[in-house]
Amino acid sequence: MKEYEALSTTSVKHPWPDARGRYGRFGGRYVPETLVYALDELEAAYRSAMADPAFLSDLAERQRNYVGRPTPLYRADRLTAHLGGARIYLKREDLAHTGAHKINNALGQCLLAKRMGKPRVIAETGAGQHGVATATASALLGLDCDVYMGTEDIERQKLNVFRMRLLGARVIGVDSGSKTLKDAINEAMRDWVTNVQHTHYVLGTVHGPHPFPMIVRDFQSVIGREARCQILDQEGRLPDALIACVGGGSNAMGLFYEFLGDTDVAMVGVEAGGTAIVPGMHAARFAGGALGMLQGAMSYVLQDKDGQIGQTHSVSAGLDYASVGPEHALLFTSGRVEYTHASDQEALDAFQLLSCTEGIIPALESAHAIAETIKRAPTMRANQTIIVNLSGRGDKDVQQAAKFILKGEEI
Amino acid sequence: MNRIEARFQALKTQGVSAFVPYITAGDPSMDLSEQLVLALERAGADVIEFGVPFSDPVGDGIVIQEAAQRALQRGASLRKVIAAVRSIRRTSQVPLLLFSYFNPILAYGIEAFARDAAEAGVDGVLCVDLPPDEADDYKLALDQAGLCTVFLTAPTTSDDRLRLVGAKCTGFVYYVSRLGVTGEQTALAEGLKDAVTRIQRLTGKPVAVGFGISTPEQAAAVAGLAEGVVVGSAIVRVVAQHGEDPALVETVETFAGNLAQAVKGQT
């Protein structure tokens, strides 16, 4: 794998973030003054860890033997035959421990927390996958773990709530605002402001104040590093397109990052189109959002004309968020990545198609990426290839999907 | 001279501290908020923090979060807050500081906001989630409009950053006296005197202490240490409890009056 890594020119062609934590005009560090020192401390600890061979080899060893990396790059022949057109590969993050890519970042940040001497971590969670990943890494490393979760999401994701409790974490219900992910982040930030001296905030996506978008991207970039080597092994050349769903955008940045310097590789980010692209019924920030600052970073934000944050909707809790990672905002404005959206219905159709053609039940988030693949693959030639990030498995979503698919019948 | 700077200078010569109450604009209604500002002035407020409601107030505890939500449900917006200031200025010259989050200002347009706010009679702005190193455009626009720019300091702020904040603050420096969000506390932060002295020394500006001060006793204690005493959640709670009460304005005036007297050493 080492020899291929040298071929990636991402860091030359895409030198972000800059010294101020910015991705072009996006990103930055918009936080109450109390947190500035914690962000400085985190950035210093992160840079020292990444320059420390002992930390890196510890992380690599745990990724291999605990997380189960590298995850396979699977050639989906039956889906390819069904759609006709480009050869489709699935990067199987659903096979990582805990069932999603979230563990890559949670493990890295919990190791950092230990290195900083912080005995307690907190996290926000929407669907529960990042909460489960953080609770898992905390159990592994002996850290106290509190997870903030909107009460509406707690109701929708009871199974993951119990998993977190089983792993020794405390799940704290958040009853403010829309009672979902955004409000869980607000509450986690309030906790962090209060307990910053002994607590690390394990932010779950490539959003928030610098250095979080960089740290999460870097810990997730293992996805693209592996995929780049794997596709070169299997196809002998780079892929024609990458497709990933984008909520905050961590699985997409994880896949895209290593390929950013490969200008012939097209990249597509798929947002949640919900039921319609009208305010309150979707979470497609690049379709309906505007420049704004939410929860620490300048980016695209769904908001009203007065700058109040808008309500969002998606069938998938993990994509149901009013803002998007600042690096995605840069890649959108530069045109390097194309952003589109898939509706709830398209995602549910994709969820079923992948299940019955490949025997793989995808997370509803990942099903948005499959939905775009269904549209795009048939327009491409048979000698072209697509890598889709299958960011998580769908077990958590079976109940939610059944509600829509069975339309009221009992499971 | 800007009304906020003038007030701190006048108080310095009198040797007393400033009483700086906070209310959320639009709670329970914008009309009543205007009346509450006038009541706070009668009660002895030196500078009034007028809170701009925001949907996602990460720096605030539950009392002010709920006040913001009530205000937003009744249609409050930054534009309406500025209009309320314009209306207040017809009868009052009390120094007014807008207490906001950044996104409503960004959506309004930073330059347009600075111009409209100054024209309406706003004297300064404190933006909770805008640290000075992200505030170049904002600082420029507010300076040009003659508005004070107040920034936060915290117990975790380093000496270097205190110098930076001092250089960017006009009017006064706001000291968040404990780690956490806004809200009432039963005890004042330990080591407050040393902390305030350090901030005064490194910023060279008057210091107002806030976050957690709720009783006249606490207010009096802080008044002995710092140039300003901010009381927020305790007043907002009284507003919430009496939101439907015809005696709301008098009740708040009495409550704030006790705090003002404590700050001025008249109790």
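**Notes on the predicted model**

1. Strands S6(B) and S7(B) are paired in the parallel sense, over two bridges. Within this pairing, B:Thr153 has B:Tyr175 in S7(B) as its bridge partner. The model under discussion is a predicted one.

2. Strand S7 of chain B covers residues 173-176, and its side chains point in two directions: B:Val173 and B:Tyr175 one way, B:Tyr174 and B:Val176 the other way. All of these residues are buried.

3. Strands S6 and S7 belong to an open sheet of nine strands in chain B, with parallel pairing and the order S5-S4-S3-S2-S1-S9-S8-S7-S6. Strand S5 (148-150) and strand S6 (152-153) of chain B stand at the edges with a single partner strand each, so one side of each has no neighbour in the sheet. Elsewhere in the sheet, strand S1 (residues 18-24) and strand S9 (residues 228-231) of chain B pair in the parallel sense over four bridges. There, B:Val20 stands opposite B:Val230 in S9(B).

4. How much area do chain A and chain B bury between them? The figure is about 2,800 Å², with 51% of it on carbon and sulfur atoms. Of the area that chain A buries against chain B, 25% is supplied by A:Glu33, A:Arg190 and A:Gln308, more than any other three residues supply. The contact takes 34 residues from chain A and 35 residues from chain B.

5. Between chain A and chain B there are 18 residue pairs in polar contact, counting pairs with both residues at pLDDT 80 or more. On the side of chain A that touches chain B, helix H3 (36-50), helix H10 (181-195) and strand S11 (290-294) of chain A each supply at least two residues. The largest share of that side comes from H10(A), with eight residues. By class, the side of chain A that touches chain B has twelve nonpolar, twelve polar and ten charged residues.

6. Four salt bridges are counted between chain A and chain B. One salt bridge joins the side chains of A:Arg29 and B:Asp133, at 3.4 Å from N to O. Both residues also belong to a network of salt bridges that links A:Arg29, A:Glu33, A:Asp40, B:Asp133 and B:Arg161. A:Glu33 is also one of the three residues named above for their share of the area that chain A buries.

7. Over all chains, the structure holds 48 salt bridges. In one of them, the side chains of A:Glu226 and A:Arg69 meet at 2.8 Å, N to O. A:Glu226 lies in helix H12 (residues 222-235) of chain A and A:Arg69 in the loop between helix H4 (53-67) and strand S3 (73-75) of chain A, so the pair ties together parts that are 157 residues apart in sequence. Are these two residues buried or exposed? A:Glu226 counts as buried because its relative accessibility is 6%, and A:Arg69 counts as buried at 4%.

8. B:Arg86 and B:Glu119 form a salt bridge in which the closest N and O atoms are 3.0 Å apart. B:Arg86 lies in helix H4 (residues 78-88) of chain B and B:Glu119 in helix H6 (residues 110-120) of chain B, so that the pair links distant parts of the chain, 33 residues apart. B:Arg86 counts as partly exposed at 38% relative accessibility, whereas B:Glu119 counts as exposed at 53%.

9. A further salt bridge, between A:Arg237 and A:Asp240, has its closest N and O atoms 3.1 Å apart. A:Arg237 is partly exposed, with a relative accessible area of 32%, whereas A:Asp240 is buried, at 18%.

10. Where is A:Gly128 found? A:Gly128 is in the loop between strand S5 (120-125) and helix H7 (129-141) of chain A, and at 0% relative accessibility A:Gly128 counts as buried. Leaving aside residues up to four places away in sequence, A:Gly128 touches A:Met149, A:Asn160 and A:Met164. A:Gly128 and A:Val147 are 19 residues apart in sequence, with their C-alpha atoms 9.2 Å apart in space.

11. Helix H15 of chain A (residues 326-334) has as its buried residues A:Pro326, A:Glu327, A:His328, A:Ala329, A:Leu330 and A:Leu331. After H15(A) comes A:Gly335, with a positive phi near 85°.

Technical notes. Residues numbered from 1 in each chain as written. Chains lettered and ligands numbered in written order. Predicted model: local features only at pLDDT ≥ 70, side-chain atom pairs only at ≥ 80, totals over all residues. Heavy atoms only, no water. Contact = heavy atoms within 4.5 Å. Buried area = accessible area lost by both parts, 1.4 Å probe. Polar contact = N/O pair within 3.5 Å; in protein donor to acceptor, adjacent residues only side chain to side chain. Nonpolar A, V, L, I, M, F, W, Y, C, P; charged D, E, K, R; others polar. Buried < 20%, exposed > 50% of the residue type's maximum accessible area, 1.4 Å probe, protein only. Pairing = 2+ DSSP bridges.
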